[in-house]
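Please look over the sequence and the model shown here.

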Amino acid sequence: MIMEKFSYVRGQSIPHAVALLNEPGVRARVLAGGTDLVLLMKEERDVCDRVVDITLIPELHQIRRAGDRVVIGAGANFCEIVESPLVNETAPALADACHSVGATQIRNMGTLGGNVANAAACADSLPALVCFDAVAHALTPDGALEWPVSDLVIRPNQTKLPAGALLTALSYQIPGEGSRSVFLKLGRRNAMAISRLTVAALGRLDDAGRVAEVRIVPGSATPQIRRFPKAEAVLLGQIPTLELLREAARVAVAEMTEITGKRWSSEFKEPALESMVLRALAQLFDAQGAA
Amino acid sequence: MKIEFTLNGEPCSVEAPAHINLLHLLRDYVGLTGTKEGCGVGECGACSVLLDGKLVNSCLVLAPQAGGRDVVTIEGVRGADGGPNDLQKNFIDHGAVQCGYCIPGMVLAGEALLAKKLNPSRADIREAIAGNLCRCTGYQQIVDAIEATAAARRDTRQPQSIEDAKVHEEVL
């Protein structure tokens with residue numbers, strides 16, 4: 001008989017997995033993609049008593065439209081999201097963010113829910129999800145819970161998900177007609193790069209060519225992933241001239257520094273964020289009037 | 001615990017602890033050492049295998065996750081005569097193999113790409129092997145080998161092995 005460090009069980013359905021996670025006296029952990037948990041178990045000998053594998057629960061992989069929202073099962077892996085016509089059509093920046101994760105092997109394993117629940121500072125999907133004002137849905141033995149993703153993630157590697165809760169889906173409202181979205185990532189190389197800085201942005205012009213809607217969400221920039229309302233306010237209701245986009249980019253940098261203070265990385269991050277926000281905004285608005 | 005799965009088309013049953021990874025299971029419990037351990041943390045792709053047809057890093061898969069599923073390792077990629085298949089021959093012919101350590105993973109990454117796309121651009125090929133590090137070749141010869149295989153398979157569409165036959169079913 002070989003000593004087992006923990007037991008392995010497969011969740012057959014979402015309620016079954018929640019039951020397995022909440023058996024009294026058993027310290028259980030969710031295995032979604034494994035790309036974080038299996039590494040953690042390598043580093044720490046005593047992570048849990050039971051691993052609940054949710055990778056084969058079909059409902060957790062579903063990507064579907066529900067009224068004016070898109071609902072992505074928390075167990076959908078990055079490849080499934082990248083290949084989803086629905087996500088590409090309604091949230092191209094989210095598809096691009098998922099495409100920028102790791103390489104094929106990691107994208108075949110890592111899941112959207114795992115990226116959110118693990119909440120790494122450099123998680124690529126988080127700024128995109130926050131940019132689409134996404135909501136996280138979870139199931140606990142006491143019932144369903146939900147939070148905006150921007151509230152759920154408190155700081156790197158820390159979320160409001162209670163112990164025993166299973167993240168079941170991420171959903172977002174389909175942006176209005178004429179919206180565009182972009183995701184930009186700065187890493188040391190294209191594949192397998194930990195993000196140094198990312199920017200997710202969404203924008204829409206009204207019939208007069210003025211900015212009707214804009215959302216700017218830098219990633220790997222602040223402890224809590226959030227929209228930058230001051231930078232957004234520079235643009236709202238205005239004609240997006242190149243000079244105005246530059247101003248918004250400068251304000252975004254000031255907003256980052258206001259939140260984090262000057263850090264060892266500020267000298268690098270400030271000019272990088274300024275040019276990334278400018279580039280993102282130019283991509284959102286260029287063919288519609290700006291330079 | 002007992003872990004039962006399909007390995008390279010054959011049923012496989014192994015007694016192993018739940019906490020080891022699939023890489024360890026394949027190498028040390030099944031005895032198939034074609035799958036290599038490079039970094040052990042999911043960054044180098046040397047341990048790549050196909051799990052239900054999808055390319056994964058076997059160092060990040062818990063061994064029991066393979067239960068009831070289909071695993072293809074480099075030992076399952078071969079020509080009809082048991083020797084190298086067309087992709088593997090092209091690796092040899094194009095000088096894509098130097099020290100060879102990354103090659104099992106590279107070949108599986110190539111097969112995973114060709115299963116989905118028989119007309120990949122060079123950019124597609126580069127992206128497909130982006131998770132596989134090679135410190136010898138500089139990648140050009142590997143890209144050449146995959147590109148040449150794609151071209152030849154487009155012309156013939158002949159299955160090269162049992163695993164390829166499945167791959168071809170998906171393509172067609």
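Leaving aside residues up to four places away in sequence, Arg69(B) touches Arg10(A), Thr55(A) and Leu56(A) of one chain, and Phe5(B), Thr6(B), Leu51(B) and Asp52(B) of its own; contact here means heavy atoms within 4.5 Å. This is a predicted model, in which local features need pLDDT of at least 70, side-chain atom pairs count only at pLDDT 80 or more, and totals for chains, interfaces and linings use all residues. Residues are numbered from 1 along each chain as its sequence is written, chains are lettered from A and ligands numbered from 1 in the order in which they are written, and side-chain values use heavy atoms, with hydrogens and water left out.

Arg69(B) sits in the loop between strand 4 and strand 5 of chain B. Helices (H or I, at least four residues) and strands (E, at least two) are DSSP runs, numbered from the N terminus. With a relative accessible area of 13%, Arg69(B) is buried. The classes are buried for under 20% relative accessible area, exposed for over 50%, and partly exposed in between, with a 1.4 Å probe and protein chains only. A polar atom of the Arg69(B) side chain lies 3.3 Å from the backbone oxygen of Gln65(B).

Next comes the interface between the chains. Here 33 residues of chain B are in contact with 31 residues of chain A. The area buried between chain B and chain A is about 2,400 Å², and carbon and sulfur atoms give 58% of it. Buried area is the accessible area (1.4 Å probe) that two parts lose on being put together, summed over both. Between chain B and chain A there are 11 residue pairs in polar contact, both residues at pLDDT 80 or more. A polar contact is a pair of N or O atoms within 3.5 Å; within protein, one must be able to donate a hydrogen and the other to accept it, and residues adjacent in sequence count only if both atoms are side-chain atoms. On the side of chain B that touches chain A, the elements giving two or more residues are strand 4 (54-57) and helix 4 (122-128) of chain B. Strand 4 of chain B gives the most to that side, with 4 residues. By class, the side of chain B that touches chain A has 16 nonpolar, 10 polar and 7 charged residues. Ala, Val, Leu, Ile, Met, Phe, Trp, Tyr, Cys and Pro count as nonpolar, Asp, Glu, Lys and Arg as charged, and the others, Gly among them, as polar.

How many salt bridges are there between chain B and chain A? The count is 2, a salt bridge being a side-chain nitrogen of Lys or Arg within 4 Å of a carboxyl oxygen of Asp or Glu. Side chains of opposite charge can pair when their charged atoms come close. Glu83(A) forms a salt bridge with Lys116(B), and their closest N and O atoms are 2.8 Å apart. Glu83(A) lies in the loop between helix 3 (78-82) and helix 4 (85-90) of chain A, and Lys116(B) in helix 3 (residues 103-116) of chain B, so the pair joins two chains. Glu83(A) is partly exposed at 47% relative accessible area, whereas Lys116(B) counts as exposed at 60%.

An automatic or database domain assignment gives domain 1 (2-76) and domain 2 (86-167) of chain B. Taken over C-alpha atoms, the centres of these two domains of chain B are separated by 21 Å. In the contact between them, 19 residues of domain 1 of chain B meet 14 residues of domain 2 of chain B. The two domains of chain B bury about 1,300 Å² between them, 62% of it on carbon and sulfur atoms. Strand 3 of chain B gives the largest share of the side of domain 1 that touches domain 2, 3 residues.

Over all chains, the structure holds 23 salt bridges. In one of them, Asp49(A) pairs with Arg27(A), the closest N and O atoms being 2.9 Å apart. Asp49(A) lies in the loop between helix 2 (37-43) and strand 3 (50-53) of chain A, and Arg27(A) in the loop between helix 1 (14-21) and strand 2 (28-31) of chain A, so the pair ties together parts that are 22 residues apart in sequence. Asp133(A), Arg204(A), Glu213(A), Arg215(A), Arg227(A) and Glu232(A) are linked in a network of salt bridges.
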